[in-house]
Amino acid sequence: MTCSCRTEERRFCLRFNPSVNWGTHLVQFAELRDWELGSEATDFVVLVGGRSRYLIVNDVVNFLRAILEPSQLAAIEARWEAASPEPGCCMRQSAMTTHVADAFMKLEQFAPLNATPLVELLRSGRITSHFQPVFRADGQTVWGYECLMRGVTDEGKIIYPGELLAWASQERLTFMLDRICRETHIRNAKKTLPDNVSILINFLPTAIYEPSYCLKSTIAAAKSAGIEPDRIVFEVVETEAVDQREHLTDVLMYYREKGFRIALDDVGEGFAGLNMLADLNPDVIKIDMSLVRTAVSSPIHTAICGALASIAKQCNRLCLAEGIETAEQFELMKSLGVDLFQGFYLARPAATAFQPVKSSTIVEAEAVAAS
(Lines give C-alpha, C1' and ligand atoms only; values in the text may rest on other atoms or scores of the structure.)
Protein backbone atom coordinates (compact mmCIF):
# COMPACT_ATOMS: atom_id res chain seq x y z
CA MET A 1 0.00 0.00 0.00
CA THR A 2 1.26 3.47 -0.89
CA CYS A 3 1.42 5.93 1.97
CA SER A 4 -0.50 9.13 1.30
CA CYS A 5 0.18 11.03 4.54
CA ARG A 6 1.74 14.51 4.36
CA THR A 7 4.59 14.94 6.84
CA GLU A 8 6.89 17.37 5.01
CA GLU A 9 5.89 20.47 6.92
CA ARG A 10 7.86 23.46 8.15
CA ARG A 11 7.25 26.47 10.35
CA PHE A 12 8.59 29.93 9.63
CA CYS A 13 8.41 33.17 11.53
CA LEU A 14 7.40 36.56 10.12
CA ARG A 15 8.60 39.64 12.03
CA PHE A 16 6.83 42.94 11.33
CA ASN A 17 8.83 46.05 12.21
CA PRO A 18 6.95 47.67 15.14
CA SER A 19 7.93 51.19 14.04
CA VAL A 20 5.75 50.88 10.92
CA ASN A 21 2.06 51.78 11.01
CA TRP A 22 0.37 48.51 10.08
CA GLY A 23 -3.14 49.75 10.71
CA THR A 24 -5.43 46.78 11.40
CA HIS A 25 -3.37 44.34 9.34
CA LEU A 26 -1.64 42.64 12.26
CA VAL A 27 -4.88 41.95 14.11
CA GLN A 28 -6.37 40.52 10.92
CA PHE A 29 -3.32 38.36 10.26
CA ALA A 30 -3.57 36.96 13.78
CA GLU A 31 -7.12 35.83 13.01
CA LEU A 32 -6.12 33.95 9.87
CA ARG A 33 -6.18 30.17 10.01
CA ASP A 34 -2.70 28.66 10.52
CA TRP A 35 -1.17 31.95 11.75
CA GLU A 36 0.04 31.95 15.37
CA LEU A 37 1.33 34.80 17.49
CA GLY A 38 5.05 34.50 18.08
CA SER A 39 7.22 35.51 21.01
CA GLU A 40 6.72 39.21 20.23
CA ALA A 41 3.50 41.09 19.51
CA THR A 42 4.63 41.71 15.94
CA ASP A 43 5.83 38.16 15.25
CA PHE A 44 3.77 35.43 13.59
CA VAL A 45 4.54 31.76 13.08
CA VAL A 46 3.06 30.09 9.98
CA LEU A 47 2.97 26.40 9.10
CA VAL A 48 3.49 25.38 5.46
CA GLY A 49 3.28 21.95 3.90
CA GLY A 50 1.86 18.97 5.74
CA ARG A 51 -1.79 19.55 6.59
CA SER A 52 -1.53 23.33 6.36
CA ARG A 53 -3.59 25.35 3.89
CA TYR A 54 -0.26 26.64 2.48
CA LEU A 55 1.64 24.31 0.18
CA ILE A 56 4.85 26.35 0.12
CA VAL A 57 6.11 29.54 1.72
CA ASN A 58 5.46 31.55 -1.47
CA ASP A 59 1.74 31.01 -0.93
CA VAL A 60 2.05 33.19 2.17
CA VAL A 61 4.65 35.67 0.97
CA ASN A 62 2.93 36.40 -2.34
CA PHE A 63 -0.30 36.99 -0.44
CA LEU A 64 1.55 39.67 1.55
CA ARG A 65 2.95 41.11 -1.67
CA ALA A 66 -0.58 41.39 -3.00
CA ILE A 67 -2.09 43.35 -0.10
CA LEU A 68 0.79 45.41 1.33
CA GLU A 69 2.65 48.42 -0.01
CA PRO A 70 6.34 48.05 -1.04
CA SER A 71 7.46 50.12 1.98
CA GLN A 72 5.59 47.74 4.29
CA LEU A 73 7.09 44.66 2.62
CA ALA A 74 10.54 46.12 3.15
CA ALA A 75 9.77 46.25 6.89
CA ILE A 76 9.15 42.50 7.23
CA GLU A 77 11.76 39.89 8.07
CA ALA A 78 11.44 36.10 8.07
CA ARG A 79 13.29 32.98 9.13
CA TRP A 80 12.75 29.23 9.09
CA GLU A 81 12.12 27.43 12.35
CA ALA A 82 12.32 23.77 13.24
CA ALA A 83 9.00 21.95 12.87
CA SER A 84 7.64 18.94 14.72
CA PRO A 85 4.90 17.52 12.52
CA GLU A 86 2.49 14.88 13.68
CA PRO A 87 3.60 11.44 12.48
CA GLY A 88 1.74 10.12 9.45
CA CYS A 89 0.37 6.67 8.94
CA CYS A 90 3.83 5.40 8.11
CA MET A 91 5.31 7.09 11.22
CA ARG A 92 7.90 8.70 8.94
CA GLN A 93 9.36 11.85 10.48
CA SER A 94 9.89 14.89 8.32
CA ALA A 95 13.38 15.35 6.97
CA MET A 96 13.08 18.99 7.98
CA THR A 97 12.66 18.44 11.72
CA THR A 98 16.39 18.46 12.38
CA HIS A 99 16.84 21.84 10.69
CA VAL A 100 18.08 24.55 13.08
CA ALA A 101 16.21 27.85 13.07
CA ASP A 102 17.76 30.38 10.68
CA ALA A 103 18.60 34.00 11.36
CA PHE A 104 16.07 36.63 10.29
CA MET A 105 16.46 38.08 6.81
CA LYS A 106 14.54 40.53 4.65
CA LEU A 107 11.33 39.05 3.26
CA GLU A 108 12.39 39.60 -0.37
CA GLN A 109 15.57 37.62 0.32
CA PHE A 110 13.71 34.92 2.19
CA ALA A 111 11.29 34.25 -0.70
CA PRO A 112 12.52 36.09 -3.81
CA LEU A 113 10.30 36.41 -6.86
CA ASN A 114 11.26 34.08 -9.66
CA ALA A 115 12.40 35.56 -12.95
CA THR A 116 9.35 34.86 -15.11
CA PRO A 117 7.99 37.33 -17.66
CA LEU A 118 5.07 38.08 -15.33
CA VAL A 119 7.33 39.32 -12.54
CA GLU A 120 8.85 41.98 -14.78
CA LEU A 121 5.42 42.92 -16.17
CA LEU A 122 4.12 43.51 -12.66
CA ARG A 123 7.22 45.38 -11.52
CA SER A 124 7.21 47.71 -14.53
CA GLY A 125 3.46 48.30 -14.59
CA ARG A 126 2.95 46.71 -18.00
CA ILE A 127 -0.45 45.21 -17.24
CA THR A 128 -3.13 47.14 -19.10
CA SER A 129 -6.82 47.00 -20.01
CA HIS A 130 -8.83 46.31 -23.15
CA PHE A 131 -12.54 47.02 -23.13
CA GLN A 132 -15.27 44.97 -24.80
CA PRO A 133 -18.62 46.77 -25.11
CA VAL A 134 -21.88 45.34 -23.79
CA PHE A 135 -24.84 46.54 -25.85
CA ARG A 136 -28.52 47.02 -25.38
CA ALA A 137 -30.99 45.39 -27.79
CA ASP A 138 -30.40 47.88 -30.63
CA GLY A 139 -26.80 46.66 -30.95
CA GLN A 140 -25.49 50.26 -30.95
CA THR A 141 -26.23 51.69 -27.51
CA VAL A 142 -23.45 50.76 -25.08
CA TRP A 143 -24.65 49.76 -21.60
CA GLY A 144 -21.18 48.98 -20.28
CA TYR A 145 -17.72 47.55 -20.91
CA GLU A 146 -16.05 44.39 -19.70
CA CYS A 147 -12.45 45.06 -18.69
CA LEU A 148 -10.01 42.45 -19.98
CA MET A 149 -6.41 42.19 -18.83
CA ARG A 150 -3.53 42.35 -21.28
CA GLY A 151 0.23 42.29 -20.79
CA VAL A 152 2.56 44.37 -22.94
CA THR A 153 6.13 43.32 -23.77
CA ASP A 154 9.05 45.74 -24.17
CA GLU A 155 8.44 45.55 -27.92
CA GLY A 156 4.77 46.42 -27.53
CA LYS A 157 3.48 42.90 -28.20
CA ILE A 158 0.20 42.00 -26.50
CA ILE A 159 0.16 39.08 -24.04
CA TYR A 160 -3.28 37.53 -23.57
CA PRO A 161 -4.95 36.40 -20.31
CA GLY A 162 -4.34 32.67 -20.75
CA GLU A 163 -0.58 33.14 -20.67
CA LEU A 164 -0.69 35.68 -17.83
CA LEU A 165 -2.81 33.36 -15.68
CA ALA A 166 -0.53 30.40 -16.42
CA TRP A 167 2.50 32.39 -15.27
CA ALA A 168 0.64 33.60 -12.20
CA SER A 169 -0.25 30.03 -11.25
CA GLN A 170 3.32 28.87 -11.82
CA GLU A 171 4.80 31.64 -9.69
CA ARG A 172 1.94 31.67 -7.15
CA LEU A 173 1.24 35.30 -7.96
CA THR A 174 -2.49 34.93 -8.59
CA PHE A 175 -3.28 37.15 -5.58
CA MET A 176 -1.06 39.93 -6.86
CA LEU A 177 -2.17 39.70 -10.50
CA ASP A 178 -5.84 39.75 -9.52
CA ARG A 179 -5.38 42.79 -7.30
CA ILE A 180 -3.30 44.73 -9.82
CA CYS A 181 -5.82 44.01 -12.59
CA ARG A 182 -8.76 45.23 -10.52
CA GLU A 183 -7.00 48.49 -9.69
CA THR A 184 -5.62 48.94 -13.23
CA HIS A 185 -9.05 48.44 -14.81
CA ILE A 186 -10.60 51.05 -12.51
CA ARG A 187 -7.93 53.65 -13.31
CA ASN A 188 -8.03 52.95 -17.05
CA ALA A 189 -11.83 52.98 -17.13
CA LYS A 190 -11.79 56.45 -15.59
CA LYS A 191 -9.36 57.70 -18.26
CA THR A 192 -10.91 55.92 -21.24
CA LEU A 193 -14.64 55.28 -20.83
CA PRO A 194 -17.67 57.60 -20.75
CA ASP A 195 -18.99 58.47 -17.31
CA ASN A 196 -22.46 56.99 -17.90
CA VAL A 197 -21.56 53.34 -18.57
CA SER A 198 -21.21 50.31 -16.32
CA ILE A 199 -17.75 48.81 -15.76
CA LEU A 200 -17.51 45.01 -15.56
CA ILE A 201 -14.41 43.63 -13.82
CA ASN A 202 -13.58 39.93 -13.48
CA PHE A 203 -12.23 38.63 -10.20
CA LEU A 204 -11.04 35.30 -8.84
CA PRO A 205 -12.81 34.51 -5.55
CA THR A 206 -10.00 32.24 -4.35
CA ALA A 207 -7.52 35.11 -4.76
CA ILE A 208 -9.25 36.86 -1.85
CA TYR A 209 -8.44 35.58 1.64
CA GLU A 210 -10.43 38.05 3.67
CA PRO A 211 -12.56 40.69 1.90
CA SER A 212 -12.13 43.45 4.49
CA TYR A 213 -8.45 43.90 3.69
CA CYS A 214 -7.87 42.06 0.40
CA LEU A 215 -10.39 44.38 -1.28
CA LYS A 216 -9.39 47.53 0.57
CA SER A 217 -7.12 48.71 -2.25
CA THR A 218 -9.84 48.07 -4.84
CA ILE A 219 -12.29 50.25 -2.95
CA ALA A 220 -9.61 52.92 -2.51
CA ALA A 221 -8.90 52.84 -6.27
CA ALA A 222 -12.59 53.43 -7.09
CA LYS A 223 -12.77 56.28 -4.59
CA SER A 224 -9.57 57.86 -5.90
CA ALA A 225 -10.86 57.63 -9.49
CA GLY A 226 -14.15 59.24 -8.49
CA ILE A 227 -16.18 56.30 -9.79
CA GLU A 228 -19.42 55.60 -7.94
CA PRO A 229 -19.51 51.99 -6.69
CA ASP A 230 -22.83 51.21 -8.40
CA ARG A 231 -21.18 51.70 -11.80
CA ILE A 232 -18.81 48.79 -11.14
CA VAL A 233 -20.01 45.23 -11.66
CA PHE A 234 -17.68 42.52 -10.33
CA GLU A 235 -17.91 39.27 -12.28
CA VAL A 236 -17.35 35.91 -10.60
CA VAL A 237 -15.30 34.05 -13.18
CA GLU A 238 -16.27 30.46 -13.84
CA THR A 239 -12.75 29.27 -14.67
CA GLU A 240 -11.67 29.54 -11.02
CA ALA A 241 -13.03 26.57 -9.06
CA VAL A 242 -14.80 27.62 -5.89
CA ASP A 243 -14.77 24.90 -3.24
CA GLN A 244 -16.15 26.98 -0.39
CA ARG A 245 -19.53 28.50 -1.24
CA GLU A 246 -19.60 30.33 2.10
CA HIS A 247 -16.34 32.13 1.29
CA LEU A 248 -17.67 33.27 -2.09
CA THR A 249 -20.88 34.49 -0.47
CA ASP A 250 -18.85 36.49 2.07
CA VAL A 251 -16.82 38.15 -0.70
CA LEU A 252 -19.91 39.11 -2.69
CA MET A 253 -21.72 40.34 0.42
CA TYR A 254 -18.78 42.61 1.18
CA TYR A 255 -18.85 44.04 -2.36
CA ARG A 256 -22.59 44.66 -2.10
CA GLU A 257 -22.25 46.33 1.30
CA LYS A 258 -19.84 48.80 -0.35
CA GLY A 259 -22.36 49.58 -3.11
CA PHE A 260 -20.93 47.50 -5.97
CA ARG A 261 -22.97 45.18 -8.19
CA ILE A 262 -22.33 41.51 -8.95
CA ALA A 263 -22.44 39.43 -12.14
CA LEU A 264 -22.31 35.64 -12.34
CA ASP A 265 -20.32 34.65 -15.42
CA ASP A 266 -20.90 31.61 -17.65
CA VAL A 267 -24.29 30.65 -16.19
CA GLY A 268 -25.24 27.24 -17.52
CA GLU A 269 -21.67 25.94 -17.65
CA GLY A 270 -19.30 24.55 -15.00
CA PHE A 271 -20.05 25.50 -11.39
CA ALA A 272 -22.39 28.35 -12.36
CA GLY A 273 -25.58 26.31 -12.26
CA LEU A 274 -29.05 27.09 -10.94
CA ASN A 275 -28.13 26.46 -7.29
CA MET A 276 -25.27 28.94 -7.52
CA LEU A 277 -27.55 31.40 -9.31
CA ALA A 278 -30.20 31.12 -6.57
CA ASP A 279 -27.69 31.37 -3.70
CA LEU A 280 -25.78 34.37 -5.03
CA ASN A 281 -28.69 36.27 -6.62
CA PRO A 282 -26.43 38.31 -8.95
CA ASP A 283 -27.44 41.67 -10.43
CA VAL A 284 -26.41 40.45 -13.90
CA ILE A 285 -26.79 36.89 -15.21
CA LYS A 286 -24.36 36.15 -18.05
CA ILE A 287 -25.48 33.24 -20.23
CA ASP A 288 -22.53 31.06 -21.17
CA MET A 289 -21.41 31.48 -24.77
CA SER A 290 -21.63 27.75 -25.50
CA LEU A 291 -25.36 27.89 -24.69
CA VAL A 292 -25.81 30.97 -26.88
CA ARG A 293 -24.07 29.39 -29.85
CA THR A 294 -25.83 26.03 -29.56
CA ALA A 295 -29.27 27.58 -29.11
CA VAL A 296 -29.61 28.47 -32.81
CA SER A 297 -29.78 24.77 -33.70
CA SER A 298 -31.07 23.17 -30.49
CA PRO A 299 -34.60 23.71 -29.13
CA ILE A 300 -33.62 22.58 -25.64
CA HIS A 301 -30.70 25.04 -25.48
CA THR A 302 -33.05 27.73 -26.76
CA ALA A 303 -35.46 26.90 -23.96
CA ILE A 304 -32.71 27.10 -21.35
CA CYS A 305 -31.61 30.54 -22.59
CA GLY A 306 -35.22 31.71 -22.56
CA ALA A 307 -35.70 30.37 -19.03
CA LEU A 308 -32.64 32.27 -17.77
CA ALA A 309 -33.91 35.48 -19.39
CA SER A 310 -37.31 34.89 -17.75
CA ILE A 311 -35.73 34.26 -14.33
CA ALA A 312 -33.79 37.52 -14.64
CA LYS A 313 -36.91 39.47 -15.55
CA GLN A 314 -38.99 37.97 -12.73
CA CYS A 315 -36.24 38.77 -10.21
CA ASN A 316 -35.68 42.29 -11.57
CA ARG A 317 -32.19 41.37 -12.73
CA LEU A 318 -30.43 41.83 -16.07
CA CYS A 319 -29.66 38.97 -18.45
CA LEU A 320 -26.59 39.20 -20.70
CA ALA A 321 -25.82 36.87 -23.62
CA GLU A 322 -22.06 36.62 -24.21
CA GLY A 323 -20.18 35.22 -27.18
CA ILE A 324 -22.53 36.63 -29.85
CA GLU A 325 -20.77 35.92 -33.15
CA THR A 326 -23.57 35.92 -35.74
CA ALA A 327 -26.68 37.92 -36.60
CA GLU A 328 -28.74 34.77 -36.09
CA GLN A 329 -27.52 34.41 -32.49
CA PHE A 330 -28.16 38.09 -31.82
CA GLU A 331 -31.73 38.02 -33.15
CA LEU A 332 -32.54 34.78 -31.32
CA MET A 333 -31.35 36.10 -27.97
CA LYS A 334 -33.35 39.30 -28.47
CA SER A 335 -36.48 37.27 -29.23
CA LEU A 336 -36.00 35.36 -25.95
CA GLY A 337 -36.06 38.54 -23.89
CA VAL A 338 -32.33 38.89 -23.18
CA ASP A 339 -31.44 42.45 -22.08
CA LEU A 340 -27.76 42.83 -22.92
CA PHE A 341 -25.44 41.48 -25.62
CA GLN A 342 -21.69 41.00 -25.98
CA GLY A 343 -19.56 39.36 -28.65
CA PHE A 344 -17.35 39.76 -31.71
CA TYR A 345 -20.39 40.19 -33.99
CA LEU A 346 -21.10 43.49 -32.23
CA ALA A 347 -17.60 44.67 -31.26
CA ARG A 348 -14.19 43.28 -30.34
CA PRO A 349 -12.15 44.30 -27.28
CA ALA A 350 -10.07 47.43 -27.80
CA ALA A 351 -7.90 49.80 -25.82
CA THR A 352 -10.34 52.64 -26.54
CA ALA A 353 -14.07 53.20 -26.10
CA PHE A 354 -16.46 51.94 -28.80
CA GLN A 355 -17.21 54.25 -31.69
CA PRO A 356 -20.36 53.28 -33.63
CA VAL A 357 -20.06 53.06 -37.41
CA LYS A 358 -22.22 55.74 -38.99
CA SER A 359 -24.42 54.87 -41.93
CA SER A 360 -23.80 56.62 -45.24
CA THR A 361 -27.11 58.51 -44.78
CA ILE A 362 -25.98 59.96 -41.43
CA VAL A 363 -22.56 60.87 -42.82
CA GLU A 364 -24.16 62.70 -45.78
CA ALA A 365 -26.60 64.52 -43.46
CA GLU A 366 -23.77 65.68 -41.18
CA ALA A 367 -21.77 66.88 -44.20
CA VAL A 368 -24.72 68.96 -45.45
CA ALA A 369 -25.30 70.45 -41.99
CA ALA A 370 -21.62 71.42 -41.71
CA SER A 371 -21.51 73.09 -45.14
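A residue is called buried when its relative accessible area is under 20%, exposed when it is over 50%, and partly exposed in between (1.4 Å probe, protein chains only). The model is predicted, so local features require pLDDT of at least 70 and side-chain atom pairs pLDDT 80 or more, whereas totals for chains, interfaces and linings use all residues. Residues are numbered from 1 along each chain as its sequence is written, and side-chain values use heavy atoms, with hydrogens and water left out.

Aromatic rings of Phe, Tyr and Trp (its six-membered ring) were paired if their centres lie within 6.5 Å; planes under 30 degrees apart count as stacked, over 60 as edge-to-face and the rest as tilted. The count by this rule is 15 aromatic pairs. One of them, between Phe12 and Phe110, is tilted, with 5.6 Å from centre to centre and 35 degrees between the planes. Phe12 belongs to strand S1 (residues 9–16) and Phe110 to helix H4 (residues 107–110), so that the pair links parts of the chain 98 residues apart; helices (H or I, at least four residues) and strands (E, at least two) are DSSP runs numbered from the N terminus. Phe12 is buried at 0% relative accessibility, and Phe110 is buried at 12%.

The pair of Phe203 and Phe234 is edge-to-face, because the ring centres are 6.2 Å apart and the planes stand at 90 degrees. Phe203 is in strand S9 (residues 198–203) and Phe234 in strand S10 (residues 232–236), and the pair therefore ties together parts 31 residues apart in sequence. Both Phe203 and Phe234 are buried. A single aromatic cluster is formed by Phe16, Trp22, Trp35 and Phe44.

Gln329, in helix H14 (residues 327–335), is buried with a relative accessible area of 6%. Contact being defined as heavy atoms within 4.5 Å, Gln329 touches Val292, Arg293, Val296, Gly323 and Ile324 once neighbours within four places in sequence are set aside.

Pockets were located on a 1 Å grid over the protein atoms alone, as open sets of points where a 1.4 Å probe fits, with protein on both sides within 12 Å along at least five of seven lines; lining residues have an atom within 4 Å of a point. Of the 31 residues lining the second largest pocket, Glu146, Leu148, Asn202, Val237 and Asp265 are the closest to its centre. Strand S7 (142–152) and helix H6 (161–171) are among the elements that each supply at least two lining residues, and S7 gives the largest share, five residues.
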